[in-house]
Amino acid sequence: MKQIIGFMVMFASIASWAQSPEAMKKIEAAKIALITERLELSPEQAEKFWPIYREFGKQRQEIRRDFDQARKSFDPNKASEEENKKMLEMATQVKERQLKLEREYSDRILKVITTRQLNNLRKAENDFKEMLLRRIRAEQMKRQKQRRNDGRLNDRRN
């Protein structure tokens, strides 16, 4: 419970949601704290689990980065029918690569943790994403409200 409280304090203290290295390190630390708490890893499990999980994360990130780069230069409104088909095929291939990666790392991780812990890992990852999105939305709403209030204050001054 103390780790969850510490996680929430750390999570709430992230001031900038920009993709700065500092903010990303804080987010990653919060994610690690949540996963550690939810999985209840023994010291022996943790020693073996984290290197595999970090490697999995890097592989997942590479797949996403490759697809994101291809999408950046793609405009479906300007693309030919053939180019649109290629992009759809690429999206399917990315999903297949992600599924293959998930299976491969699930097998490796199950040599270290139990099936219950693996299910808890997946739930913890999803919960973390949801909490992060809620926090980002709350910060955006707060900034929008602040801008509106600043605008009203400037209007009164003029």
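Predicted model: local features only at pLDDT ≥ 70, side-chain atom pairs only at ≥ 80, totals over all residues.

User: Which residues lie nearest its centre?

Analyst: M24, E28, K31, Q61 and R64, out of 25 lining residues. Lining means having an atom within 4 Å of a point.

User: Which element gives the most to that lining?

Analyst: α3, with eleven residues. At least two residues each come from α2 (21-39), α3 (43-72) and α5 (115-157). Helices are DSSP runs (H or I, at least four residues), numbered from the N terminus.

User: How does the lining divide by class?

Analyst: Twelve charged, eight nonpolar and five polar. Asp, Glu, Lys and Arg count as charged; Ala, Val, Leu, Ile, Met, Phe, Trp, Tyr, Cys and Pro as nonpolar; the others, Gly among them, as polar.

User: How many cavities of 30 Å³ or more are there?

Analyst: One. A cavity is a set of grid points where a 1.4 Å probe fits but cannot get out. The largest cavity has a volume of about 60 Å³. Its lining is F56, E102, Y105, S106, I109, L118, L121, R122 and E125, with α4 and α5 each giving two or more. By class, that lining has five nonpolar, three charged and one polar.

User: Switching to cores. Which residues touch the most other members of the largest nonpolar core?

Analyst: I35, L39, F49, Y53, I109, I113 and L121, in a core of 21 residues. Two or more residues come from each of α2, α3, α4 (81-109) and α5. α3 gives the most, eight. A nonpolar core is a set of buried Ala, Val, Leu, Ile, Met, Phe, Trp, Tyr and Cys residues joined through side-chain atoms within 4.5 Å. Buried is under 20% relative accessible area, exposed over 50%, partly exposed in between (1.4 Å probe, protein chains only).

User: What is I35 in contact with?

Analyst: Beyond its neighbours within four places in sequence, I35 is in contact with F49, W50, Y53, L121, A124 and E125. Contact is heavy atoms within 4.5 Å. A separate core has six residues, including A30, L34, M131 and L132.

User: Now charges. How many salt bridges does the search find?

Analyst: Eight in the whole structure. The rule is a side-chain nitrogen of Lys or Arg within 4 Å of a carboxyl oxygen of Asp or Glu. One of them joins E139 and R135 at 3.0 Å, N to O. Both lie in α5, four residues apart, about one turn of the helix.

User: Is E139 buried or exposed?

Analyst: E139 is buried, at 10% relative accessibility. R135 is partly exposed, at 22%.

User: Which residues are linked in a network?

Analyst: R38, K123 and D127. The D127 to K123 bridge has its closest N and O atoms 3.1 Å apart. D127 counts as buried, at 15% relative accessibility.

Note on methods: Residues numbered from 1 in each chain as written. Heavy atoms only, no water. 1 Å grid on protein atoms, 1.4 Å probe; cavity = no way out; pocket = protein on both sides within 12 Å on 5 of 7 lines; lining within 4 Å. Points joined across faces, edges and corners; volume = space filled by probe spheres on them.
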